[in-house]
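Open the structure in your viewer and keep the sequence panel beside it. This tour tells you what to select at each stop.

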Amino acid sequence: MKLLAVHPSALMYTRVFLRLEPLGLELVAGAARNAGHDVQLIDLQVEKHKDYWKLVEEFRPDAVCFCGNYLANIPEIVDLCKETKDRFPDCFTIVGGHSVSFIPQDVLGLSEGAIDCILKGEGEPSIGPLLEGWLNGDISQVPGVVTTEFEGPPPTFVKSLDEVRPARDLLRHRNKYFIGTLDPAASIEFARGCPWDCTFCSAWTFYGRSYRTADPKVIADELEALKEPGVFIVDDVAFVHAEHGLAIAAEIRKRGIKKEYYLETRADVLLRNKEVFKEWSEIGLSYIFIGLEAVDEEGLKKFRKRVSVDRNFEALEYARSLGLMVAINLIADPSWTKERFETIRQWCLEIPDIVNISVTTPYPGTEIWHKEARRLTTRDYRLFDIQHAVLPTTLSLPEFYEELVKTQQVLNTKHMGWSALRDTVGIAARLLSKGQTNFVKMIWKFNSVFNPKLQLADHMRRPRYEMPVQPDVVDKMNVKELYVHGPGGRKSRTLDDDTEKFVDQTRMGADA
Ligand code: B12
Ligand code: SF4
């Protein structure tokens, strides 16, 4: 069968700071190719809808599959499926990925028959059987499949993360992916899943709190094959398991692989596994993103992060001492007042790090979704990108955005525009001389994207597709109902006993 794999357009944040290759979709494309299908891939983060149509006309796929990782992309995906079905009624349309796995019936309903099925959970094990089933006229037994008429068996995990490799060669513009000065950058996965259980996050509910690691040798093979000098490690929490991090580092040293890395981790993991991060800073780690979420104890408790403020600051200090560029995420709560924003602004000004501020957003598959969804002030999917307020704000909405953007401006003043150019003039010149313009273009983009008036205007657009009205707020909920892949318990986590104990001590525990 001829399959076209499609990643939708970029959301607000990725229009400025970074743009990354669609690794999950490349894995699904790789698995489909291994199953004997003829596969093409298009990424609308870097190409336009007219390029999609051109490719569809030329390639004439029998099936098109979309990556529905992001809730805010759902309207675009539904529209593309509708038009694809109008023009090519026999084309099999599939949507898979993170967000749609939690709300398959809602998405199928919006599409009015234009989406043939949702494929829930990990795509690698089921995409081959799905295409096979379509050819044979029966897809009802494919794990993870959901249609308006039936639901197949539960989704399954790929047998091993080493089994399928991403079809990187199918990406048509590899030089368009970057993060900060890592330009161009490729993405790689060392481990999958997260053993913690934060209330605002769906990473753990998607994977049933499992944690699986890839073989260090396979990882090193993949790194060796990458042409890009920059590498974004997509793991939710990097180096949870110290031995795994050290084994990859040893393989990299042995083979003399020279790359620059970016990763995301938790403050308590960084402090527990100091030697791993030190080793990585010596073999090329240059950026580290730490999800602090809040700067006071009360805020941390709310997000069920059992890391204390002091430990957070200690972690920042340690990361800086390794010479790493540190980025921090803070979550702005809709209840924030002008004074609260001012306090955060002052804090951001005092520290040398990059501070990214997102807005509390209940997502399907998270605990806060079940507690807050009834209070949503909008049901427009497009606003669920953690840059818009979708819950009632204490300040008026215009004031909230004024304050939010003013606080995000600190980042602009400190780390973008002329100050960025001044600090990175050598790097910028080197990148430009190689024809890499992503980083240099990025540093001037902030004001054109982050603008309170534009954000307010987004709320005024008439929604084409809305989420269904949510049932009553649930105070006590059955956590098991949140999962896409059912929880597999201790054996589903490749962690030694000490690390498992550490995880248990640092999470609140769904049943605690
Ligand atoms: C790396 C990452 C990013 C990267 C790269 C994203 C990219 N280009 O793909 C960056 C940093 C750019 C990013 C940005 C954002 N992200 Co992000 N991101 C992640 C993260 C940590 C891992 C994703 C990943 O690469 N995993 C590894 C690959 C192999 O897995 P995968 O992509 O999920 O693909 C598998 C399955 O989903 C499925 N699948 C995927 N596509 C398809 C397609 C088909 C047809 C099928 C059958 C299956 C399938 O099969 C794949 C293989 O098993 C996830 C958390 C998570 N664990 O999922 C959050 C996550 C997906 N991001 C999230 C958010 C909110 C964002 C932002 C909106 C944040 C912001 N600050 O604005 C932006 C928007 C990005 C955009 N598209 O414009 C949320 C999603 C919320 C939601 N429900 O919409 C998540 C779940 C994090 C969270 N804590 O809740 N993100
Ligand atoms: S540590 Fe918390 S926020 Fe981070 S991926 Fe795991 S569950 Fe999500």
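In which loop does E112 lie? Select E112 and look to either side along the chain. E112 sits in the loop between α5 (104-111) and β6 (117-119). Keep in mind that this is a predicted model.

**Stop 1**

Is E112 buried or exposed? E112 counts as exposed, because 12 other C-beta atoms lie within 10 Å, and the cut-off for exposed is 12 or fewer. Now check the backbone. Phi of E112 is near 50°, a positive value, and E112 is not a glycine.

Next, select R209. R209 also has a positive phi, about 55°, although R209 is not a glycine. You will find R209 in the loop between α7 (203-206) and β11 (212-213). Is R209 buried or exposed? R209 is buried, because 26 other C-beta atoms lie within 10 Å; the cut-off for buried is 20 or more.

**Stop 2: a cis peptide bond**

Select D183 and P184. The peptide bond that joins D183 and P184 is cis, with omega about 5°. P184 is in the loop between β8 (178-179) and β9 (185-188).

**Stop 3: the whole chain**

Zoom out. Colour by secondary structure. The chain has 22 helices and 16 strands. Of its 512 residues, 48% count as buried. Now think about contacts between residues at least 6 apart in sequence. Of these, 77% join residues at least 24 apart.

**Stop 4**

Next come pairs of helices. Two packed helices are described by the angle between their axes and by the distance between the axes.

Show the side chains where they touch. From α3, the contact uses I74, V78, C81 and K82; from α5, it uses V107, L110 and S111. By class, this contact of α3 with α5 has 5 nonpolar, 1 polar and 1 charged residues.

**Stop 5: helices α8 and α9**

Select α8 (residues 216-225) and α9 (residues 242-255). Their axes come within 9 Å and cross at roughly 45°. So α8 and α9 are oblique to each other. α8 passes α9 in a right-handed crossing. On the α8 side, pick out P216, K217, I219, A220, L223 and E224; on the α9 side, pick out A247, I248, E251, I252 and R255. The contact of α8 with α9 has 7 nonpolar, no polar and 4 charged residues.

**Stop 6: helices α9 and α11**

Keep α9 on screen. Where do the two helices meet? A242, G245, L246 and A249 in α9 meet V276, E279 and W280 in α11. This contact of α9 with α11 has 5 nonpolar, 1 polar and 1 charged residues. The crossing of α9 and α11 is left-handed.

**Stop 7: ligand 2**

Select ligand 2. Which residues are around ligand 2? They are C194, W196, D197, C198, C201, A203, W204, D236, V237, R266 and G291. Colour this shell by class. The shell around ligand 2 divides into 7 nonpolar, 1 polar and 3 charged residues.

**Stop 8: the loop between α21 and α22**

Go to the loop between α21 (452-460) and α22 (497-506), and select E466 there. E466 is partly exposed, because 13 other C-beta atoms lie within 10 Å. Leaving aside neighbours within four places in sequence, E466 is in contact with R379 and D380. E466 and D106 are 360 residues apart along the chain, yet their C-alpha atoms are separated by 9.4 Å.

Last, select E481, in the loop between α21 and α22. E481 counts as exposed, because 9 C-beta neighbours lie inside 10 Å. E481 and T205 are 276 residues apart in sequence, and 9.1 Å apart in space, C-alpha to C-alpha.

Methods. Residues are numbered from 1 along each chain as its sequence is written. Chains are lettered from A and ligands numbered from 1 in the order in which they are written. This is a predicted model: local features need pLDDT of at least 70, side-chain atom pairs count only at pLDDT 80 or more; totals for chains, interfaces and linings use all residues. Helices (H or I, at least four residues) and strands (E, at least two) are DSSP runs, numbered from the N terminus. Two residues are in contact if their C-beta atoms, placed from the backbone, lie within 7 Å. A residue is near a molecule or strand if its C-beta atom, placed from the backbone, lies within 6 Å of it. Ala, Val, Leu, Ile, Met, Phe, Trp, Tyr, Cys and Pro count as nonpolar, Asp, Glu, Lys and Arg as charged, and the others, Gly among them, as polar. Axes are lines fitted to C-alpha atoms, for helices over the stretch in contact, and angles run from 0 to 180 degrees between N-to-C directions. Angles under 35 degrees count as roughly parallel, over 145 as roughly antiparallel, 65 to 115 as roughly perpendicular and the rest as oblique. A crossing is left-handed if the near helix is turned anticlockwise from the far one by less than a right angle, and right-handed if clockwise.
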